Amino acid sequence: MDEKYKNEFGAFAPRPQVEKKFYNGKYIFAGLIVFLAMVALPFLPNVGKTIPPPVRQLDTPVIQKIAEKDRQCIMPTEWMRANHMQMLIDWRDNVVRTNEKGAPNGRYFKAPDGQKFLASLTNTCMECHSNKEKFCDQCHNYVAVAPNCWGCHLTEGKKLAEAK
Amino acid sequence: MGIDRREFIRIAGLSTLLGLGGKGAFELLRPGQVEASMAAKPAAEGVVRWAMVVNMRKMDDDTAKKCAAACHRVHNVPNFAQPKDPKDALPPDIVNRYEVKWIWPEHFHNAFPGEEHPHMPEQMKNLPFLLLCNHCDNPPCVRVCPTKATFRREDGIVNMDMHRCIGCRFCMAGCPFGARSFNWKDPRPYITDTYPGYPTREIGMVEKCTFCAERLAQNMMPACVEASSGALVFGDLNDERSQVRATLKRYFSIRRKVHLGTNPQVYYIV
């Protein structure tokens, strides 16, 4: 290294002499410990615990009425578990954007077995799964997702509300 | 190292030259219509074009109130003057400012500003003109929406995708008819009779009349038309035998603020 260096104004000045040592060591290490403690804090209560996976609850009045062998969602359960969010997004686009590009009618969902369902979260899904806390929220909480459907969409369908 | 004087002048000069090209440069690179142009879409052949006729000869205060109430009930439109829980009551000026409305009665001088004059029939001055979204052919709200949450369907309905509304309120500034309302508060505590067939809205969303797109899909008439006992006529403008066409042919009708060029599709028989 040269004794003189070029600063931002192009002038030459003697390099400042700084003693080579570790400054403020106790503050730095104390700060690091506090930082690590704060990062670890949310994990500490759950160390060593196993959170039981959610069990799906199907004991709603509408489902109970259906005979055991006919209890079937509009698609196979495994498929629904993996893809219900994408299906709801497709329903949304088909219903809201119907006719934008001349789509004939996006309000109905055709299951593989040919049955037609009204594409509606409140009036189709919630009709059977009226136990939102046990059916939707339990799993969503377990995997820590917070879908914002319920800010607008009601949890009680038309038929359910009329029956009350 | 930064740029020296010579480099700076060179870049500035080149950008000025490009800028002077202006629209010509765009035309050269991408000829045709600019996306934000003013031209209305040409009327499509053979498709439905929904429109409404408000027959003021059959309209009275009672009917107007009934129409508005029917619409606001089936669309879960909040009434901030009537909270479900008395704890959520708001002061009157806030109630006024936060008002959400899809269809509402207004006097002639408010509905057709500039068209009123002191010598018009007294009875006309006090008629309740039902105002709602005009579902314009050339909707300014659609042009200004940055997320395309508001869009024009092929059947002429200017609809909203609430999932995409970010609450920027450009559309409210763009709409010359004041047909749009903003949710300044969570509306749920102010919906006394929740209607299960339609979602509510959240705080920070803009809403307006949709010509009952959800009812039309089920071959039902709009809620206000059903409640109007004949004062509102709704139908397909492209169908020569439809009731709207017959009514428009028979009576002289006016529309709101036509000079703005939005081509509104709600007609008023006076």
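Let's start with chain A: read along the sequence, its pattern is β-β-α-α-α-β-β-α-α-α. That comes to six helices and four strands. Here helices (H or I, at least four residues) and strands (E, at least two) are DSSP runs, numbered from the N terminus.

Before going on, please keep in mind that this is a predicted model, where local features need pLDDT of at least 70, side-chain atom pairs count only at pLDDT 80 or more, and totals for chains, interfaces and linings use all residues. Residues are numbered from 1 along each chain as its sequence is written, while chains are lettered from A and ligands numbered from 1 in the order in which they are written.

How much of chain A is buried? Of its 164 residues, 9% are buried. A residue is called buried if 20 or more other C-beta atoms lie within 10 Å of its own, exposed if 12 or fewer, and partly exposed in between, with C-beta atoms placed from the backbone. Now take the contacts in chain A between residues at least 6 apart in sequence: 53% of them join residues at least 24 apart. Two residues are in contact if their C-beta atoms, placed from the backbone, lie within 7 Å.

Next, the place where the two chains meet. Chain A gives 18 residues to the contact and chain B gives 15.

Two strands pair if DSSP finds at least two bridges between them.

Let's walk across this sheet. Strand β1(B), residues 50-55, runs antiparallel to β8(B), residues 232-236, with five bridges joining them; there, A51(B) stands opposite G235(B). With β10(B), residues 266-269, β1(B) pairs in the parallel sense over four bridges, and N55(B) faces I269(B). Then β10(B) and β9(B) pair in the antiparallel sense over two bridges, with Y268(B) as the bridge partner of I254(B).

Why is β1(B) described as largely enclosed by the rest of the structure? Because five of its six residues are buried.

That leads us to the largest nonpolar core, which has 58 residues. Such a core is a set of buried Ala, Val, Leu, Ile, Met, Phe, Trp, Tyr and Cys residues joined through C-beta atoms within 7 Å. V54(B) and I103(B) are among those with the most contacts inside it. Leaving aside neighbours within four places in sequence, I103(B) has contacts including C67(B), L130(B) and C224(B).

N76(B) has a positive phi of about 55° although it is not a glycine; it sits in the loop between α2 (61-74) and α3 (92-98) of chain B. N76(B) has 22 C-beta neighbours inside 10 Å, so it counts as buried. R169(B), also not a glycine, has a positive phi of about 65°, and R169(B) is partly exposed, with 14 other C-beta atoms within 10 Å.
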